[in-house]
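User: I'm new to this one and would like a close look at a single part, the inside of the fold. Could you take me through it in plain words?

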Amino acid sequence: MSQQPDTQYNHLPAFERVASLLRDELIAGQLHAGQTLVEMDLAERLEASRNTVREALRQLLCEGLVTYQRNKGVTVRVMERSDIKDIYVIRRTLELQAISGGRYIKQEALARMLSAIETVESASRDDDWATAATYSLRFHQTIVSILGSRRFDSFFASIMAQLRLLFASAPDEKFFQQPWVERDRAIYQFLQASQRDDAVQLLSQYLDNSEQALLKLFATKE
């Protein structure tokens with residue numbers, strides 16, 4: 001039996017819907033670095049034609065989420081240490097811009113942040129660090145959504161998918177994810193209280209520390 005695809009992307013052109021669903025699966029850790037993506041299987045599972053799946057995979061190839069090799073087909077990309085710097089330049093640019101200054105934060109965005117944080121905290125108590133990682137990324141996607149740009153949202157989803165592939169390199173998800181749980185909550189609390197400068201300072205430190213942790217992780221693998 002095929003899995004029923006999510007309906008939230010049904011308004012999109014067919015290939016964009018499939019690309020969005022696959023991007024979400026990457027962010028959720030459901031697709032893994034080096035995994036082969038078979039067009040026929042994806043078409044059946046996502047209820048799309050093989051041509052649509054092929055076009056979606058081309059989109060993900062352009063985003064740096066998959067690779068293609070003759071006689072091997074399409075596989076989920078294996079991220080490298082050199083990717084980390086670029087990703088964190090983008091994160092600083094978009095996330096810090098979103099919460100700095102007088103940009104209005106809608107209550108809906110704050111509610112989505114809180115929901116993501118509560119899921120992270122619940123998952124961490126259950127020792128479910130895969131789910132904790134997923135919803136921490138969702139929290140940061142919501143931060144970028146404050147900018148009010150669908151293009152930024154789509155671009156940042158690709159960046160979060162790449163980041164999740166980097167996280168997957170950690171041998172111990174709990175050790176790598178646990179330090180960020182309380183910080184996500186603290187950033188939210190500053191934003192909820194309209195303490196923007198404090199939120200910017202904490203998020204800036206957060207991103208510095210997260211980047212260094214990933215660089216250290218990859219240094220031990222080389």
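What share of the contacts in the protein with a separation of 6 or more comes from residues 24 or more positions apart? And once that's clear, please take me into the core.

Analyst: Happy to, and keep in mind that this is a predicted model. On your question, residues 24 or more positions apart make up 72% of the contacts with a separation of 6 or more.

The protein has ten helices and three strands. Starting at the N terminus, the order of elements is α-β-α-α-β-β-α-α-α-α-α-α-α. The radius of gyration is 18 Å, close to the 17 Å that the globule rule gives for 222 residues, so the protein is as compact as a globular protein of that length. If you draw a box along the principal axes, the C-alpha atoms fill roughly 50 × 45 × 35 Å.

Now for the inside. Of the 222 residues, 47% count as buried. In soluble globular proteins, nonpolar side chains tend to be buried together. Here, the largest nonpolar core holds 65 residues, and L163 and L214 are the members that touch the most others in it. Zoom in on L214: leaving aside residues up to four places away in sequence, L214 touches I84, Y88, L163, L166, F167 and F176.

What about the outside? The accessible surface is about 11800 Å², and carbon and sulfur atoms account for 47% of it. As for charge, there are 27 positive and 30 negative side chains, with the centres of the two sets 4 Å apart.

Most residues other than glycine have a negative phi. E47, in the loop between α2 (39-45) and α3 (50-62), has a positive phi near 55°. E47 counts as partly exposed because its relative accessibility is 45%, and a residue needs over 50% to be called exposed. S194 sits in the loop between α9 (181-192) and α10 (196-221), and its phi is positive too, near 60°. With 59% relative accessibility, S194 counts as exposed.

Technical notes:
Residues numbered from 1 in each chain as written. Predicted model: local features only at pLDDT ≥ 70, side-chain atom pairs only at ≥ 80, totals over all residues. Heavy atoms only, no water. Core = buried A, V, L, I, M, F, W, Y, C linked by side-chain atoms within 4.5 Å. Buried < 20%, exposed > 50% of the residue type's maximum accessible area, 1.4 Å probe, protein only. Contact = heavy atoms within 4.5 Å. Helix = DSSP H or I, 4+ residues; strand = E, 2+ residues; numbered from the N terminus. Rg over C-alpha atoms; globule rule 2.2 N^0.38 Å. Areas by Shrake-Rupley, 256 points an atom, 1.4 Å probe, with all protein chains shown as cover. Lys, Arg positive; Asp, Glu negative; His and termini not counted. Charge placed at Lys NZ, Arg CZ, Asp CG, Glu CD.
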